[in-house]
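I opened this notebook to keep track of what I looked up, one step at a time. The sequence and the structure come first, and my entries follow.

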Amino acid sequence: MLPYIYSDNGTNFAGAEKELRSYFKVLSGKRSIQEMVSDHGIQWHFIPPAAPHFGGLWKAAVKSAKTHLKKMSGSALLNFEEMTTLLCRIEAVLNNRLLTPTSNCPSDYTALTPAHFLVGGNLLLPSETDCPEVPLRGKWTKPSREIKIGDLAILKIDNLATMKWSMVRVVDIHPGVDGVVRVVSVQASNGSVTKRPVVKIALLPGSEEEEDQDSN
């Protein structure tokens with residue numbers, strides 16, 4: 001399978017594409033950039049102009065980075081060292097986000113993160129300063145799919161930094177009289193089992209969910 005390079009039509013990419021095109025014309029006559037990179041087994045694609053939603057995952061990552069940057073910096077004027085530190089922290093947060101369980105083994109409580117592709121494991125960062133006086137932003141939404149026994153999830157723990165929230169495995173479900181599951185029993189990596197409401201549970205995408213997306 002050939003590797004792909006995707007980029008949008010921003011002025012920086014469009015300008016770079018023009019410069020590369022003129023450069024390759026001098027070296028290789030009328031050959032295009034696409035033809036040149038194809039010699040190395042690479043296919044280069046540009047998304048349509050004024051259509052950032054075609055960027056998919058990489059645009060979502062850019063949006064997340066901008067959101068963190070705006071919330072953390074606000075209107076502050078940062079020097080070079082402060083900006084570098086802030087960007088490194090944002091990079092670590094984004095690269096440490098949980099993607100999917102590493103395996104289907106019931107005793108495995110680990111999840112795959114982008115950091116695994118960069119450094120081979122989770123990024124170990126110093127613990128955040130506890131600020132109980134600062135209200136938490138955002139809210140939990142209902143699960144995107146039905147909770148099943150064996151699902152790996154993140155358990156929200158009040159008054160604890162998000163990076164310290166536990167990974168748990170759903171071991172039992174407790175549907176109400178209407179058949180809707182609002183309470184589940186979860187098991188932590190130390191073997192302890194507790195009941196928790198589903199609003200405190202954030203499911204990780206499973207293999208079945210990925211297969212459904214692939215089929216679509």
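**Entries on one residue and its sheet**

I began with Thr194, which I found in strand β8, the run of residues 193–197. I note at the outset that the model is predicted.

I then turned to the strand pairing, where β8 and strand β7, residues 181–187, are joined in the antiparallel sense over five bridges. Within this pairing I looked up Val184, and its bridge partner in β8 is Arg196.

Widening the view, I traced an open sheet of five strands in the order β8-β7-β6-β5-β9, with antiparallel pairing. Strands β8 and β9, the latter covering 201–203, stand at the edges with a single partner strand each, so one side of each is left without a neighbour in the sheet. From one strand to the next, I noted a twist that averages 45 degrees.

Last, I turned to the aromatic rings: a search of the whole structure for aromatic pairs returned zero. I did find Arg169 lying over the face of Tyr109, at 5.9 Å from the ring centre.

Definitions and conventions. Residues are numbered from 1 along each chain as its sequence is written. This is a predicted model: local features need pLDDT of at least 70, side-chain atom pairs count only at pLDDT 80 or more; totals for chains, interfaces and linings use all residues. Side-chain values use heavy atoms; hydrogens and water are left out. Rings of Phe, Tyr and Trp (its six-membered ring) pair if their centres lie within 6.5 Å; planes under 30 degrees apart count as stacked, over 60 as edge-to-face and the rest as tilted. A charge sits over a ring if NZ of Lys or CZ of Arg is within 6 Å of the ring centre and within 35 degrees of the ring normal. Helices (H or I, at least four residues) and strands (E, at least two) are DSSP runs, numbered from the N terminus. Two strands pair if DSSP finds at least two bridges between them. Axes are lines fitted to C-alpha atoms, for helices over the stretch in contact, and angles run from 0 to 180 degrees between N-to-C directions.
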